[in-house]
Amino acid sequence: MVLADLGRRINGAFAQLSRVPVIDDKALDALLKEVASALLESDVNVKLVANLRSKVKAKVKAAIESGADKGKDINRKNIIQKAIFDELVLLVDPGVEPYKPKKNHPNVIMAVGLQGNGKTTTCTKLAVYWQKRGLKSCIVCADTFRAGAFDQTRQSATKAKIPYFGSYTETDPVSIAAQGVMKFKKEKFEVIIVDTSGRHKQESELFQEMVQIGEAVKPDMTVLVLDASIGQAAEAQAKAFKESADFGAIIVTKMDGHAKGGGAISAVAATKTPIIFLGVGEHLYDLDKFSPEPFISKLLGMGDIQGFMDH
Amino acid sequence: FTGLFSRITGSKPLSKEDLAPILAGMKDHLMKKNVAVDIADKICEGVGESLVGKRVGGFGGVKTHVRGALSDAITRVLTPSTSTDLLLAVRNKRAEFNPAISDKRTPYTMTFVGVNGVGKSTNLSKVCFWLLQNNFRVLIAACDTFRSGAVEQLRVHVRNLSLLAEQTGTGKGGVELYERGYGKDAAGIAKEAISYAKDNEFDVVLIDTAGRMQDNEPLMKALAKLVAVNNPDKIIFVGEALVGNEATDQLTKFDRSLKEFSSTAGRPGRGIDGMLVTKWDTVDDKVGAALSMTYVTGKPILFVGCGQTYTDLRQLRVAHVVQALLSD
Ligand SMILES: Nc1nc2c(ncn2[C@@H]2O[C@H](COP(=O)(O)OP(=O)(O)OP(=O)(O)O)[C@@H](O)[C@H]2O)c(=O)[nH]1
Ligand SMILES: Nc1nc2c(ncn2[C@@H]2O[C@H](COP(=O)(O)OP(=O)(O)OP(=O)(O)O)[C@@H](O)[C@H]2O)c(=O)[nH]1
Ligand SMILES: [Mg+2]
Ligand SMILES: [Mg+2]
């Protein structure tokens with residue numbers, strides 16, 4: 001299961017907590033230390049972890065001072081667990097509703113992100129996903145930079161039986177994107193996915209090109225595709241993409257590996273943008289829908305969140 | 001980093017207690033630079049041990065000492081203990097050829113391995129460009145027979161590289177692509193490519209492989225088979241500077257799986273010989289992945305990839321990395 005190790009560590013810390021006789025500052029500190037180091041090992045941003053730690057502490061302190069624990073250790077344990085659970089959910093849930101493609105409307109979705117993070121692969125997966133749900137879907141390859149980019153789209157779209165548009169000779173991605181979207185709109189496609197080249201914040205020309213493609217196709221939703229293994233560079237890159245492309249959703253890829261995706265999770269917090277899917281493999285159907293609470297409770301191995309949240 | 005020292009002033013020997021907050025701050029600092037947590041831990045532990053009991057004068061003294069100790073520790077990890085001179089290795093292989101013993105020259109072979117999307121194919125092409133500039137004759141073997149567009153990607157690179165060599169008058173040796181399309185056994189294609197290279201007097205064969213997750217046992221076994229069958233001169237692990245704590249796991253498991261699954265009755269398994277760290281241009285001074293990778297393997301970083309054109313390939317400058325890691 002995704003993030004299993006992190007969940008195990010945090011659970012272990014909770015178990016430790018239920019074994020200590022008195023729940024005092026020391027016990028809370030020990031728990032938080034363990035949770036924090038588990039998060040750090042999962043690449044969650046260093047500052048975010050420090051922040052989470054102090055917020056949980058403040059919350060617990062306030063609850064105890066207000067007498068919410070009725071002087072009982074068992075209540076204190078619940079307060080602590082809930083505070084941590086809530087903060088973890090907040091890490092992956094910015095409380096923003098992502099755009100949902102509508103029937104009988106040409107929904108334009110544009111994929112952006114760092115080099116090699118899985119945009120092209122994910123574009124086909126998304127087309128297959130929405131196609132299966134009754135939306136006529138297609139792909140526009142606006143990557144004119146990467147060697148073999150159009151062949152990649154052509155081959156994977158063909159395998160998935162998804163119509164595609166692109167060119168071997170046109171070198172201007174803005175023009176291709178505009179042409180493709182216009183053509184598919186005319187043909188009454190409902191989900192038009194625009195794949196773009198990989199880029200990074202350090203090259204402003206590449207960012208400018210992304211802005212221009214965006215202006216040409218006016219996406220209903222821009223998606224940042226982010227590799228689960230990214231470390232501490234996640235925050236700065238995600239922020240820069242947010243500023244230039246104003247993406248409305250994140251897809252974290254390669255979650256089938258061992259990576260825990262903490263860097264990608266930090267991007268959520270840095271940009272207040274929700275994750276909508278997880279990529280979990282190289283094949284067409286390796287795409288999981290994402291929602292924060294079940295994700296965190298699954299992470300912590302909690303089947304019944306309701307029972308857990310009761311206090 | 002500078003803020004860590006305010007608590008120590010006197011000139012008594014440094015105690016564990018004195019050092020604890022400094023080391024904790026140091027670890028935090030390294031983690032922010034994207035050094036994996038366990039590696040940051042171990043490095044700080046080592047620095048601590050080297051400083052306990054040392055008598056250092058005053059505030060400035062402590063600071064200089066600790067900084068120096070950390071800088072030394074990082075430099076030690078990053079400094080290669082084996083040769084990184086690939087050109088020399090290729091020339092040596094060529095010099096080995098003795099027409100009295102065999103009628104054909106054996107090419108120098110390198111294979112590029114790593115997880116998905118890190119930059120194996122692109123940086124293989126950069127290495128090819130560099131070899132061409134040094135007048136070697138290069139064959140690229142398209143052994144990623146899985147990912148859509150993988151073969152065409154290399155075809156484009158080979159076309160570009162041929163043109164470039166022609167235009168600049170370098171690369172007299174020339175470059176060719178050896179490909180057998182998709183769906184076939186990578187180990188077999190690599191073998192055919194090497195024998196084609198032998199027949200046609202290529203100096204170097206660069207073997208591209210499909211990206212794979214380090215936990216995917218069937219795929220790791222297939223990679224080990226390619227290694228076992230072809231026994232390449234260099235196995236280069238390609239990792240990206242963007243990677244966080246995964247660096248440790250990726251390298252440990254690639255090395256271990258390759259060794260375990262490529263061993264045969266007569267020969268121990270082969271592991272990673274060196275690393276190529278890509279996307280260096282995307283991380284600013286957060287270059288900690290380089291430290292994690294060298295710490296885990298004890299193997300050198302042979303190249304650094306710092307962009308998306310053929311000339312964006314550098315040698316690692318240890319002093320620069322140390323400076324970036326220490327900077328505030
Ligand atoms: N294991 C695994 N591999 C994936 C996943 N998503 C993508 N990949 C692989 O990651 C590599 C890069 O994927 P691409 O789709 O080419 O990435 P990209 O972002 O389009 O790359 P550029 O266009 O070069 O920036 C390929 O080998 C994909 O097969 C995933 O969820 N799991
Ligand atoms: N910024 C930057 N991008 C790079 C660098 N090296 C490679 N890339 C980009 O990373 C993306 C993926 O590169 P590939 O060479 O296809 O990666 P790969 O490891 O062969 O991918 P798979 O074969 O799918 O596993 C491409 O868009 C490259 O242009 C680098 O040093 N810097
Ligand atoms: Mg792509
Ligand atoms: Mg490749």
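1. Gly118(A) places a backbone N or O atom 2.8 Å from an oxygen atom of ligand 1. This is listed as a polar contact, that is, a pair of N or O atoms within 3.5 Å; within protein, one must be able to donate a hydrogen and the other to accept it, and residues adjacent in sequence count only if both atoms are side-chain atoms. Two side chains also reach oxygen atoms of ligand 1: a polar atom of Lys119(A) at 2.7 Å, and an N or O atom of Gln152(A) at 2.9 Å. The protein covers 96% of the 650 Å² of accessible area that ligand 1 has on its own (Shrake-Rupley method, 1.4 Å probe; for residues, only the protein chains shown count as cover).

2. The model is predicted: local features need pLDDT of at least 70, side-chain atom pairs count only at pLDDT 80 or more, and totals for chains, interfaces and linings use all residues. Residues are numbered from 1 along each chain as its sequence is written, chains are lettered from A and ligands numbered from 1 in the order in which they are written, and side-chain values use heavy atoms, with hydrogens and water left out.

3. Ligand 1 lies between chains A and B. Its shell holds 23 residues, the closest being Lys119(A), Thr120(A), Thr121(A), Arg146(A) and Glu282(A); a residue is near if one of its heavy atoms lies within 4 Å. Helix α5 (residues 119-132) of chain A provides the largest share of this shell, four residues. Helices here are DSSP runs (H or I, at least four residues), numbered from the N terminus.

4. By class, the shell around ligand 1 has three nonpolar, 12 polar and eight charged residues. Ala, Val, Leu, Ile, Met, Phe, Trp, Tyr, Cys and Pro count as nonpolar, Asp, Glu, Lys and Arg as charged, and the others, Gly among them, as polar.

5. The site of ligand 2 is shared between chains, because residues from both A and B surround this ligand. There are 25 residues around ligand 2, and Gly119(B), Lys120(B), Ser121(B), Thr122(B) and Gln308(B) come nearest. Helix α5 (residues 120-133) of chain B gives the most to the shell, with five residues. The shell around ligand 2 divides into two nonpolar, 16 polar and seven charged residues.

6. Oxygen atoms of ligand 2 are approached by a polar side-chain atom of Thr122(B) at 2.5 Å, by a backbone N or O atom of Gly117(B) at 2.9 Å and by a polar backbone atom of Gly211(B) at 3.5 Å. Of the 650 Å² of accessible area that ligand 2 has on its own, the protein covers 96%.

7. The contact between the chains (heavy atoms within 4.5 Å) takes 35 residues from chain A and 36 residues from chain B. About 3100 Å² is buried between chain A and chain B, with carbon and sulfur atoms giving 54%; buried area is the accessible area (1.4 Å probe) that two parts lose on being put together, summed over both.

8. One salt bridge is found across the interface of chain A and chain B. It joins the side chains of Lys201(A) and Asp284(B), at 3.0 Å from N to O; the rule asks for a side-chain nitrogen of Lys or Arg within 4 Å of a carboxyl oxygen of Asp or Glu. Between the two chains, 19 residue pairs are in polar contact, both at pLDDT 80 or more.

9. On the side of chain A that touches chain B, the elements giving two or more residues are α2 (25-41) and α6 (149-160) of chain A. The largest share, five residues, comes from α6(A). This side has nine nonpolar, 16 polar and 10 charged residues.
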